[in-house]
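Me: I would like to go through one protein and ask what stands behind each word used for it. Please set the values against the definitions.

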Amino acid sequence: VTHGVLRQISTDGADHWPPPRVARATAHWRQRLQAMGMSGQALDEANQAVVDAVTRTLGDARGRWLLDNEHAMARSEYALTGVIEGVLMSVVLDRTFVDEHGQRWIVDYKTGAHRGGGLDEFLDREQERYRAQLHRYAQLLAAIDPRPTRLALYFPASGAWREWAWNAQPVGIGLT
């Protein structure tokens, strides 16, 4: 649900999502969670997590930058299918765009919460955990747009962020 809301905000523009609109939308988000089979305390907690993530993202300068609907070549929940080294892959990029400096960004939202331990260590582990996934995204997108690319993980609930450069390596890629 959080991913869908962030997609909608990126379409509308963050300025079109003031706190009263967020408050009005919470009942709809709750219904969507119910339709996914949630109930009781789990439903209450999940709905609050969506509200918290959306509110935190809209209150975060980086979150608003990510959702800016003025970015060039911006897409949210962008589905790509292609072949990498002979293997057919279908992926969905949470957010991609080209910034004002001509830099391509691929950002993966992580809606889980960081609990315990140091934040830097947590982000190191998450970067290693998702590195291959984001590299596949970059490989597929490079078949369409070969510009320099930065990859990032964004945690809407906390505003935590980890980014790194992707260096294209020649592989057999075909896009369908």
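This is a predicted model: local features need pLDDT of at least 70, side-chain atom pairs count only at pLDDT 80 or more; totals for chains, interfaces and linings use all residues.

Me: How many helices and strands does the protein have, and what pattern do they follow along the sequence?

Reply: The secondary structure comes to five helices and six strands. Read along the sequence, the pattern is α-α-α-α-β-β-β-α-β-β-β.

Me: What makes the radius of gyration agree with that of a compact globule?

Reply: The rule is 2.2 Å times the number of residues to the power 0.38. For 176 residues a compact globule would have a value near 16 Å, and the protein has 17 Å, which agrees. Along its principal axes the C-alpha trace spans about 50 × 35 × 30 Å.

Me: What share of the residues is called buried, and what is the accessible surface of the protein?

Reply: Buried means under 20% relative accessible area. Of the 176 residues, 42% are buried. The accessible surface comes to about 9200 Å², and 50% of that surface belongs to carbon and sulfur atoms.

Me: What share of the contacts with a separation of 6 or more joins residues 24 or more positions apart?

Reply: That share is 65%.

Me: How far apart are the mean positions of the positive and negative charges?

Reply: There are 20 positive and 21 negative charges, and their mean positions are 3 Å apart.

Me: Why are the buried residues of H1 said to line one face of the helix?

Reply: Helix H1 covers residues 2-12, and Thr 2, Val 5, Leu 6, Ile 9 and Ser 10 are buried there. Seen down the axis of H1, these buried residues fall within an arc of 140°, so they line one face. They pack against the helices H2 (19-35), H3 (40-58) and H4 (61-67), and against the strands S1 (72-84), S2 (87-98) and S3 (104-109). Just after H1, Gly 13 takes a positive phi of about 100°.

Me: Why is Pro 19 called exposed?

Reply: Exposed means over 50% relative accessible area. Pro 19 has 66% relative accessibility, so Pro 19 counts as exposed. Pro 19 lies in helix H2.

Me: What makes the phi of Met 73 and the phi of Glu 85 worth a remark?

Reply: For Met 73, phi is near 50°, a positive value in a residue other than glycine. For Glu 85, phi is again near 50°, and this residue too is not a glycine. Met 73 has its place in strand S1, while Glu 85 lies in the loop between S1 and S2.

Me: How do you know whether Met 73 and Glu 85 are exposed or partly exposed?

Reply: The cut-off for exposed is over 50%, and partly exposed runs from there down to the buried limit of 20%. Met 73 has a relative accessible area of 43%, so Met 73 is partly exposed. Glu 85 has 57%, so Glu 85 is exposed.

Me: Why is Ala 142 called partly exposed and not buried?

Reply: Buried would need a value under 20%. Ala 142 is at 22% relative accessibility, so Ala 142 counts as partly exposed. Ala 142 is found in helix H5, residues 119-142. The C-alpha atoms of Ala 142 and Asp 12 are separated by 27 Å, and these two residues are 130 residues apart along the chain.

Me: What class does Ala 143 fall in, and why?

Reply: The relative accessible area of Ala 143 is 45%, which lies between the limits of 20% and 50%, so Ala 143 is partly exposed. Ala 143 has its place in the loop between H5 and strand S4 (149-155). From Ala 143 to Thr 96, C-alpha to C-alpha, the distance is 14 Å, for a sequence separation of 47 residues.

Me: What makes His 135 partly exposed, and which residues is it in contact with?

Reply: His 135 has a relative accessible area of 23%; buried needs a value under 20%, so His 135 is partly exposed. This residue is found in helix H5. Leaving aside neighbours within four places in sequence, His 135 is in contact with Leu 151, Trp 164 and Trp 166. The term contact asks for heavy atoms within 4.5 Å. The C-alpha atoms of His 135 and Ala 165, 30 residues apart along the chain, are separated by 10 Å.

Note on methods. Residues are numbered from 1 along each chain as its sequence is written. Side-chain values use heavy atoms; hydrogens and water are left out. Helices (H or I, at least four residues) and strands (E, at least two) are DSSP runs, numbered from the N terminus. Buried means under 20% relative accessible area, exposed over 50%, partly exposed in between (1.4 Å probe, protein chains only). Accessible areas come from the Shrake-Rupley method with a 1.4 Å probe; for residues, only the protein chains shown count as cover. Lys and Arg count as positive and Asp and Glu as negative; His and the chain ends are not counted. The place of a charge is taken as NZ of Lys, CZ of Arg, CG of Asp or CD of Glu. The arc is that of the directions from the helix axis to the C-beta atoms.
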